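The report below goes through one protein model, from its overall surface to a few individual residues. Please keep the sequence and the structure in view while reading.

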Amino acid sequence: MIYLTLMRHGQSEWNKKNLFTGWTDVDLSEKGKKEAKQAGIDLKRKNVLFQKAFSSALQRSIQTMEIVLKTINLQIPFVKAWQLNERHYGQLQGQNKKELMDKFGKDQVQKWRRSFTVAPPPIEKDQKLKNQDLYQTLKEVPKSESLQDTQNRVLPFWNNTIYPFIAKHQSVLIIAHGNSLRALIKKIEAISDEDIPSIEFKTGRPLIYEMDKDANILKKEIL
């Protein structure tokens, strides 16, 4: 059996404060670390083994991956890829979600958060990124992204780098972010533009696809 497991990182310090995070590189909260460890326990109990693993280039994703792999006692190197980063939230980054709803209305904020084609207002200055060596192939740091923009960088990485391992019947673990994972499952499950806003990933909960030798989905399970 081939397993593709997708997981949003554990709760971050900014998730805890209800702030838009995007490409801002923040650490896991204590709760997030516990979520990551529990996810590892659940995967170990499920007896899911992986040959390849991928995280984003952001610390909350990397830290979650490190905890999960340690918990399941699996010593494999994992790829850190900016292509799997959270969508860039532009001017919303660092702002409180509830305060923005009070200012702009729930519908507008929901469009910024969940719409496939609508991007938040862009930031005015270039954003400085930590771990510059992980962004060597990035030509330009985005100033804002829609989910469609996010999908435009996620899918080529999926097609060219991740899927070939699945085609070789290897099981893969991806720990990334709510929107980069939404962009991916939109493709995998053929979800429409109209239905994708309702899809949500909770922090620290593995989503497991069981696949046959032709990478057809046989079963879907959330731990």
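How much accessible surface does the protein have, and what percentage of that surface belongs to carbon and sulfur atoms? The accessible surface comes to about 11,200 Å², and carbon and sulfur atoms account for 47% of that area; accessible areas come from the Shrake-Rupley method with a 1.4 Å probe, and for residues only the protein chains shown count as cover.

## Basis of the model

This is a predicted model, in which local features need pLDDT of at least 70 and side-chain atom pairs count only at pLDDT 80 or more, while totals for chains, interfaces and linings use all residues. Residues are numbered from 1 along each chain as its sequence is written, and side-chain values use heavy atoms, with hydrogens and water left out.

## Overall architecture

The secondary structure of the protein consists of seven helices and six strands, where helices (H or I, at least four residues) and strands (E, at least two) are DSSP runs numbered from the N terminus. Along the sequence these elements follow the pattern β-α-α-β-α-β-α-α-α-β-α-β-β.

For 223 residues, a compact globule would have a radius of gyration near 17 Å, and the protein agrees with this, having 17 Å; the radius is taken over C-alpha atoms, and the globule rule is 2.2 Å times the number of residues to the power 0.38. Taken along the principal axes, the C-alpha atoms fill a box of roughly 50 × 35 × 35 Å. Of the 223 residues, 54% count as buried, a class that means under 20% relative accessible area, with exposed meaning over 50% and partly exposed in between (1.4 Å probe, protein chains only). Among contacts (heavy atoms within 4.5 Å) between residues at least 6 apart in sequence, 76% join residues at least 24 apart.

## Charges and salt bridges

The protein carries 37 positive and 26 negative side chains, and the centres of the two sets lie 4 Å apart. In this count Lys and Arg are positive and Asp and Glu negative, with His and the chain ends not counted, and the place of a charge is taken as NZ of Lys, CZ of Arg, CG of Asp or CD of Glu. Side chains of opposite charge can pair when their charged atoms come close. A search of the whole structure finds eight salt bridges, each defined as a side-chain nitrogen of Lys or Arg within 4 Å of a carboxyl oxygen of Asp or Glu.

One of these joins Glu 200 to Arg 114, at 3.8 Å from N to O. This pair links distant parts of the chain, 86 residues apart, with Glu 200 in the loop between helix H7 (178–188) and strand E5 (207–211) and Arg 114 in helix H5 (residues 106–114). Glu 200 counts as exposed because its relative accessibility is 54%, whereas Arg 114 is buried, with a relative accessible area of 11%. In another bridge, Glu 189 meets Lys 220, with the closest N and O atoms 2.9 Å apart. Here too distant parts of the chain are linked, since Glu 189 lies in the loop between H7 and E5 and Lys 220 in strand E6 (residues 217–222), 31 residues apart. Glu 189 is partly exposed at 27% relative accessibility, and Lys 220 is partly exposed at 45%. The side chains of Glu 145 and Arg 153 also form a salt bridge, at 2.8 Å from N to O; Glu 145 is buried at 6% relative accessibility, and Arg 153 is buried at 9%.

## Selected helix residues

Glu 13 is placed in helix H1 (residues 13–16) and counts as partly exposed because its relative accessibility is 30%. Leaving aside neighbours within four places in sequence, Glu 13 is in contact with Asp 27, Leu 28 and Ser 29.

Gly 32 is found in helix H2 and is buried, at 0% relative accessibility. Beyond neighbours within four places in sequence, Gly 32 is in contact with Gly 10 and Gln 11. Gly 32 and Gln 63 are 31 residues apart in sequence and 9.5 Å apart in space, C-alpha to C-alpha.

## Asparagines with positive phi

Asn 47 has a phi near 65 degrees, a positive value in a residue other than glycine, and lies in the loop between helix H2 (30–46) and strand E2 (52–55). Asn 47 is exposed, with a relative accessible area of 56%. Asn 73, which is not a glycine either, has a positive phi of about 55 degrees. Asn 73 lies in the loop between helix H3 (59–71) and strand E3 (79–80) and is exposed, at 60% relative accessible area.
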